[in-house]
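User: I'd like to learn how to read helix faces and helix packing. Could you walk me through it?

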Amino acid sequence: MNASPRNGLFPETSDRDLSQSGEDTLRLIASLPAPEGLPDRVHEGLRHAPQTARVLNWRRPIRPSGGWMQSTMARSAAAAAIVCVVAGGGWRIYSRVQPTPAVRVLEMPSRVAPGGGGFSQAGAKRVPDTLNGPVLTHPLADNPVADNPEPDVVVKAPDTTRPVHGKRTPAKKPAARPVVTPMP
Amino acid sequence: MSASQTLNPFWMEIADRTVQDETRRHAKDEALAALVEQYASTLYRVAFSVMRNPSDAEDAVQEAFLRVLRHRDGLGEVRDHRVWLIRIVWNIVLDRKRRAKTRPETDDVEELARVLPADGLTAEQRAAAAQHHAHVLACVEQLPAKERQVLMLSAFEELSSVEIASVLGITESSVRSRLFRARNLMADLLHYPRSLR
């Protein structure tokens, strides 16, 4: 299997097969010559392309990419200077700031003064809650209803609000009005 | 020993390193210029096969070398510069093609008919050839992306199946199987036009 018989991928491929699969067109496109002066234009474009970005335009002797930072001695000196500055600043701040005093425990005054004032308990004593439930002295019967043969009878009072045939419910008397005596 | 004598080796080291850096940069520039001279034409043809537009292809080549310029420090680690550059420009043109998908394909075909060689052909033959090429390219556009890419790269005689696999980031056996499928699909499309998608 080959793309073209010339690069050795499909040695059995004939020109007719290439034409049938349309590869002749693709090969024609792939063999088109590049325009004249293309490398020159690319060179020109590369010449005017922005170089690698630099944040600061360092002078050549102290430019980081110029070589001095690649020296071990210079890098060590710079690192030591940075450490000294940071440590000195930290010590200066630490020495100036006073440590905060320890937190004291304030004793709150009692709410009820011993000599009077406030509310007293009026001699009441607090009784603790009963933890244990009531204890039965004798066991309960299995059927308490059977032990009590007399059922509870509820006698309803006669309803006086409903009308009874042949009787008329007494009309409500209006409330007595107070006698108003005119004041002289 | 005076202070100036003590500092002298330090400044000498700075000067030496500056000179070495300039020399190294000059060497990299020369290597990049050699790459441009050697592979600009190949990259243009690869780009044109996808873009089918001379100016777009040239822009893609320019962008590819700009990327190389930005990463020229790693030039020494590249094993095969040709395949590496083709892979760069291939990714660029695919990305651009994806962005410009709204552009009508007829523009590409007309542009192609204009640039394709038609030496020794009559006007009728030239028109027929242009129609044939346009039909073939329309069928290529109907292929699935994987098969289409392999088919287009295989048209370059200087690219072996191993190099195509390296450009596409797949195995050589995948290249062969995709190419086989692409050829069969193209034969079907050219003789029995239908939609593959």
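User: Which residues of helix 3 of chain A are buried?

Analyst: A word on the model before that: it is predicted, so local features need pLDDT of at least 70, side-chain atom pairs count only at pLDDT 80 or more, and totals for chains, interfaces and linings use all residues. Residues are numbered from 1 along each chain as its sequence is written, with chains lettered from A and ligands numbered from 1 in the order in which they are written. Now the general idea: an α-helix has 3.6 residues a turn, so residues three or four places apart point the same way. In helix 3 (residues 38–47) of chain A, the buried ones are A:Leu38, A:Pro39 and A:Val42. They sit on the same side of helix 3 of chain A because their arc around the axis is only 95 degrees. Buried means 20 or more other C-beta atoms within 10 Å of the residue's own, exposed means 12 or fewer, and partly exposed is in between, with C-beta atoms placed from the backbone. Helices (H or I, at least four residues) and strands (E, at least two) are DSSP runs, numbered from the N terminus.

User: Which exposed residues does the face turned away from the buried side of helix 3 of chain A carry?

Analyst: That face has A:Asp40, A:Glu44 and A:Arg47.

User: And chain B, how many helices and strands does it have?

Analyst: Eight helices and zero strands. Of its 197 residues, 30% are buried.

User: At what angle do helix 7 and helix 8 of chain B pack?

Analyst: Two packed helices are described by the angle between their axes and the distance between the axes. Here helix 7 (residues 161–168) and helix 8 (residues 172–191) of chain B pack at about 100 degrees, axes 8 Å apart. That makes helix 7 of chain B roughly perpendicular to helix 8 of chain B (65 to 115 degrees; under 35 is roughly parallel, over 145 roughly antiparallel, the rest oblique). On the helix 7 side of chain B, the contact (C-beta atoms, placed from the backbone, within 7 Å) uses B:Ser161, B:Val162, B:Ile164 and B:Ala165.

User: Which helices of chain B do the buried residues of helix 7 pack against?

Analyst: Helix 3 (81–99), helix 6 (145–154) and helix 8 of chain B. Those buried residues are B:Ser161, B:Glu163, B:Ile164, B:Ala165 and B:Val167.

User: What is the angle between helix 6 and helix 7 of chain B?

Analyst: About 135 degrees, with axes 10 Å apart. Helix 6 and helix 7 of chain B are therefore oblique to each other. From helix 6 of chain B, B:Gln149, B:Val150, B:Leu153 and B:Ser154 meet B:Ile164, B:Val167 and B:Leu168 of helix 7 of chain B.

Technical notes
Arc of directions from axis to C-beta. Axes fitted to C-alpha atoms, helices over the stretch in contact; angles between N-to-C directions. Contact = placed C-beta atoms within 7 Å.
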